[in-house]
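Hi everyone, thanks for coming. Let me put the structure up on the screen, and then I'll walk you through a few places in it.

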Amino acid sequence: MSKLTFDFNDNKCELEISRVGQEHCLPRKLHEKRKARKYSLHCIFYGYGTLIKNGKEISLTKGNMFLLYENEEHEYFPDPMAPWAYYWIDFIGEGVENVLAACGFSREKPYIYLGDNANNIYNLFRSLAEEYDGSSLNSLSCMGYTLLLFQNLIQYCNQYEKRFTVKSARFKVFRDILIFINNNYRMNFTLDEIAEKMNVTKKQLITMFNDFADMTPVNYVNRFRISTACVILSESSVGIKAVSQMVGIEDEAYFTRMFTKWKGMSPREYQKAQVCEDPYQWLKEKNLDFC
């Protein structure tokens, strides 16, 4: 592939695509632990998996993208019950970290959530994967799709930032708490542990949930788990006990009672009915659909 040279924010950038592809990971796929020689951008379009960065486990799912940075060690692996599938693109270049930062990635937080922009990004990745054959013949079209990909990500990131510039500093703390919970919902953290990790008091934590979400932290976590369970039930034939464990609830009976309370039907009925809905609509209605 040839190099693409362009200016971004008065900085010269050079980009060269190395490989493009997609993978539906097997449940027993080995943990990948390696030092990336190139930047490697992954877009998850199905299932679940885990990225380990700086010793921290980050649960990722459909709608997330994650970036492996050049010359850094990474470890990532699929969920054994609902393994992820993703598109990926490997590339090298000079000055590209400015572009990646504008897309919302950083070495400290190498993942983003696509929100309403997911379908646009999926389509661009699909087109890029279909065009790529390693030859110079399709080089221009691949570069074009890559630029469109970055453009869409930057626009989405800018919209996200503008959306919250008018919010208070207190709300930004709450946003970070939600992001932490959404990426660690399978862990059974106590309220005291969440508060400690997010540098707030337990009372402050409860008050912020009452003010910004109109619910308790426990209700939020449980409802987020149920929404995630809805996605799994809609997209697979995984057993109810396994689904319960995948969303962090060990007691299947308790999971079933809670699911029925929120959805008006049992998990098994929901799975058979193939309900057509957005399980996270309640978050969007509250403007809380963060990664």
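**Starting from the core**

Okay, let's begin with the largest nonpolar core, which has 42 residues, and of these F174, I177, I181, F209, Y220, F255 and F259 touch the most other members. By nonpolar core I mean a set of buried Ala, Val, Leu, Ile, Met, Phe, Trp, Tyr and Cys residues joined through side-chain atoms within 4.5 Å. Buried, in turn, is under 20% relative accessible area, with exposed being over 50% and partly exposed in between, using a 1.4 Å probe and protein chains only.

Before I go on, some housekeeping: this is a predicted model, where local features need pLDDT of at least 70 and side-chain atom pairs count only at pLDDT 80 or more, while totals for chains, interfaces and linings use all residues. Residues are numbered from 1 along each chain as its sequence is written, and side-chain values use heavy atoms, leaving out hydrogens and water.

The top supplier is α7, with nine residues. The helix and strand names are DSSP runs numbered from the N terminus: H or I with at least four residues for helices, E with at least two for strands.

Contact here is heavy atoms within 4.5 Å. There's also another core lying apart from this one, with 39 residues, including L4, Y69, I112 and A118.

How do α7 and α9 pack? Helix α7 (residues 217–235) meets helix α9 (residues 252–263) at an angle of about 90°, and their axes are 10 Å apart. The axes are lines fitted to C-alpha atoms, for helices over the stretch in contact, and angles run from 0 to 180 degrees between N-to-C directions. So α7 and α9 are roughly perpendicular; the cut-offs are under 35 degrees for roughly parallel, over 145 for roughly antiparallel, 65 to 115 for roughly perpendicular, and oblique for the rest.

Now for α4 and helix α6 (residues 202–212): these axes come within 11 Å and cross at roughly 100°, so this pair is roughly perpendicular too. On the α4 side you'll find R170, F171, V173, F174, I177, L178 and I181, and they meet L205, T207, M208, F209, D211 and F212 in α6. That contact has 10 nonpolar, one polar and two charged residues. For those classes, Ala, Val, Leu, Ile, Met, Phe, Trp, Tyr, Cys and Pro count as nonpolar, Asp, Glu, Lys and Arg as charged, and the others, Gly among them, as polar.

**Two buried polar side chains**

Staying in α4 (residues 169–183), look at N182. Its relative accessibility is 5%, so N182 counts as buried. The N182 side chain makes a polar contact with the side chain of Y220, at 2.8 Å. A polar contact is a pair of N or O atoms within 3.5 Å; within protein, one must be able to donate a hydrogen and the other to accept it, and residues adjacent in sequence count only if both atoms are side-chain atoms.

Then there's D90, in strand β9 (residues 85–94). D90 is at 8% relative accessibility, so it counts as buried. Its side chain has a polar contact with the side chain of S40, at 2.6 Å.
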